[in-house]
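Hi,

Here is the structure I promised to pass on. Have a look at it first, and then read my notes below.

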Amino acid sequence: MANDRDKRYQSALISDVARENAKNYKNEKQKIRRQIEDNFFKKSLDFRDFVFSPEGYEGIFVGIYIALVPYLMGLVVLFFIAEGSYEHFIEFNLTSYLILWAIGYEVCAALILIIIFFAWLKQISNRWEREQVRKKPTRTY
């Protein structure tokens with residue numbers, strides 16, 4: 001009887017050790033897999049992928065985009081949100097350009113931050129789904 005109890009005790013110890021080793025192995029593999037996967041904040045970006053321009057003229061077009069896109073976004077804010085008048089659009093002077101550019105710049109910056117946030121959430125959700133698929137046991141019939 002004591003011999004049976006000792007055998008069960010030894011088998012329990014072996015299974016605890018095996019369980020602990022399996023858990024350590026799983027954690028180690030998970031760390032390696034996460035290091036291999038793309039990290040959202042460490043991705044390299046090339047601005048040429050986002051600029052619509054002929055090859056070789058990216059710098060010129062980036063300058064044009066920096067000057068015009070925030071200004072046009074400021075005009076959109078002025079006319080549609082703040083209900084501006086058409087006369088403000090016709091009266092172009094440097095002061096109004098700079099003010100509209102600054103407003104548009106802030107709106108563009110906020111939109112870009114929102115887009116980055118949603119892209120990050122999408123990457124987290126995709127990673128979670130891949131992890132769940134990996135953990136789901138496969139059934140064989």
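To start with the overall picture, buried residues make up 11% of the 141 residues in the protein chain. Buried here means under 20% relative accessible area, exposed means over 50%, and partly exposed is in between (1.4 Å probe, protein chains only). Please keep in mind that this is a predicted model: local features need pLDDT of at least 70, side-chain atom pairs count only at pLDDT 80 or more, and totals for chains, interfaces and linings use all residues. Residues are numbered from 1 along each chain as its sequence is written, and side-chain values use heavy atoms, with hydrogens and water left out.

The chain has four helices and zero strands, in the order α-α-α-α along the sequence. Helices (H or I, at least four residues) and strands (E, at least two) are DSSP runs, numbered from the N terminus.

Let's take α2 next. This helix has 24 residues and reaches 32 Å from its first C-alpha to its last, close to the 34 Å expected at 1.5 Å a residue. That expected span is 1.5 Å times one less than the number of residues. There is a bend of about 30 degrees in α2 at Tyr65, taken as the angle between axes fitted to the seven residues ending there and the seven starting there. Tyr65 counts as partly exposed because its relative accessible area is 29%. Its C-alpha is separated by 8.7 Å from that of Val51, 14 residues apart along the chain. The buried residues in α2 include Glu58, Pro70 and Tyr71. After α2 comes Glu83, with a positive phi near 50 degrees.

Then there is α4, with 42 residues and a reach of 61 Å from first C-alpha to last, close to the expected 62 Å. Tyr97, Leu100, Gly104, Cys108, Gln123 and Glu131 are its buried residues.

Now for the rings. How many aromatic pairs does a search of the whole structure find? It finds five. Rings of Phe, Tyr and Trp (its six-membered ring) pair if their centres lie within 6.5 Å; planes under 30 degrees apart count as stacked, over 60 as edge-to-face and the rest as tilted. One of the pairs is Tyr71 with Tyr97: the ring centres are 4.9 Å apart and the planes are at 40 degrees, so this pair is tilted. This pair links distant parts of the chain, with Tyr71 in helix α2 (residues 58–81) and Tyr97 in helix α4, 26 residues apart. Are these two buried or exposed? Both Tyr71 and Tyr97 are buried.

Phe117 and Trp120 also pair, with centres 6.0 Å apart and planes at 40 degrees, so this pair is tilted too. Both lie in helix α4, three residues apart, about one turn of the helix. In general, an α-helix has 3.6 residues a turn, so residues three or four places apart point the same way. Phe117 counts as partly exposed because its relative accessibility is 42%, and Trp120 is partly exposed at 28%. Ring pairs join Phe117, Phe118 and Trp120 into a cluster.

Cheers
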